[in-house]
Amino acid sequence: MIEITGGLTLIGTDSQVGFPTDLEGPAVELVIPSFFIAATTVTNAEFQQFVRATGYQTDSEKFGWSFVFHAFLSEDQQRRSQKMPGTNWWYAVVGASWCCPEGPGSSLVDRLDHPVVHVSRNDAVAYCQWSGMRLPTEAEWEKAARGGLVGKTYAWGDQLLDGEHHCNIWQGDFPLNNTLDDGFLGTAPVRTYEPNGYGLYQTAGNVWEWCANPRHLPLSEFQQSGQEMWQQHQGYSTAAFAIRGGSFLCHESYCNRYRVAARNGNTADSASNNMGFRCVRD
């Protein structure tokens with residue numbers, strides 16, 4: 001865990017790059033108490049330890065299916081799976097879960113150091129309660145993700161590419177052709193690429209990260225401490241909660257939410273093969 005020193009912090013952006021409905025701005029100054037945050041998202045190995053210790057069953061396992069991006073499915077799997085209306089690159093795959101990321105026959109072999117996926121926010125909350133940690137608020141997440149930089153587009157500066165790749169996102173024409181210029185079609189190991197100025201890995205791309213607070217809170221409401229928000233929102237839910245950081249499927253033509261100020265959300269019982277989480281501790 002990395003200690004993030006508290007104090008006055010600029011959160012959000014005044015740029016017009018994002019989506020107005022995401023409430024990315026205007027930027028506000030907040031006093032955020034000190035906290036500890038994990039250098040990486042929770043890995044398959046860590047989540048496996050949790051499941052073995054508790055017998056926990058994820059939402060996807062209870063429902064019997066989860067969403068998988070088309071590029072990871074055979075033509076036969078696609079024929080046998082239901083497309084998601086409006087985004088026909090997503091399929092509801094029977095048997096897909098954290099331990100079978102592409103459905104029956106897939107496994108975590110060679111992926112124990114990758115981020116756990118197919119975890120709902122409810123699953124992330126259960127892991128945090130077991131481990132004695134919690135989820136970050138969006139304000140805490142953004143402060144840590146910036147790595148000490150102020151007002152920059154990304155955790156490493158204002159340029160997405162400066163001669164090298166800094167994150168795992170989509171290259172090429174989304175959603176049909178990924179050139180794999182960054183080396184990955186799906187998730188990358190959690191310690192891929194250089195960490196930010198605080199030592200956090202992959203706060204842009206790879207997997208979406210669940211947060212403690214509901215979706216679409218105005219930035220000014222984050223004066224409330226992370227612990228207070230966590231106490232209010234750690235029960236089982238189907239409401240919409242915030243997610244941060246983007247994923248390996250983000251591309252500027254469709255979802256440029258790998259920017260550090262970008263915001264998004266999903267219902268708390270939703271899961272897919274590009275959603276994970278990172279823990280914090282007071």
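**A helix, a sheet and what surrounds them**

Reader: At about what angle to β10 does helix α5 run?

Author: Happy to start there, keeping in mind that this is a predicted model. Helix α5 spans residues 138–146 and lies across both β10 and β11. Relative to β10, helix α5 runs at about 140°.

Reader: In what order do the four strands of the open sheet stand?

Author: The pairing in this sheet is mixed. β12 (264–267) and β13 (275–276) each have a single partner strand, so one side of each is left without a neighbour and they stand at the edges. Read across, the order is β12-β11-β10-β13.

Reader: Which residue in β11 does proline 214 stand opposite?

Author: β10 covers residues 208–214 and β11 covers 240–244. The two strands run antiparallel and are joined by three bridges. Opposite proline 214 stands phenylalanine 241.

Reader: Why is helix α4 largely enclosed by the rest of the structure?

Author: Helix α4 takes in residues 121–131. Its buried residues include Arg121, Asp123, Val125 and Tyr127, and what covers the buried residues includes α1 (44–54), α2 (59–63) and α6 (226–232), along with β10 and β11. Helix α4 is largely enclosed because, of its 11 residues, the number buried is eight.

Reader: At the start of α4, which residue's backbone nitrogen does a side-chain oxygen of serine 120 reach?

Author: Let's look at both ends of this helix. After α4 comes glycine 132, with a positive phi near 75°. At the start, the side-chain oxygen of serine 120 comes to within 3.3 Å of the backbone nitrogen of asparagine 122.

Definitions and conventions:
Residues numbered from 1 in each chain as written. Predicted model: local features only at pLDDT ≥ 70, side-chain atom pairs only at ≥ 80, totals over all residues. Heavy atoms only, no water. Buried < 20%, exposed > 50% of the residue type's maximum accessible area, 1.4 Å probe, protein only. Contact = heavy atoms within 4.5 Å. Polar contact = N/O pair within 3.5 Å; in protein donor to acceptor, adjacent residues only side chain to side chain. Pairing = 2+ DSSP bridges. Axes fitted to C-alpha atoms, helices over the stretch in contact; angles between N-to-C directions.
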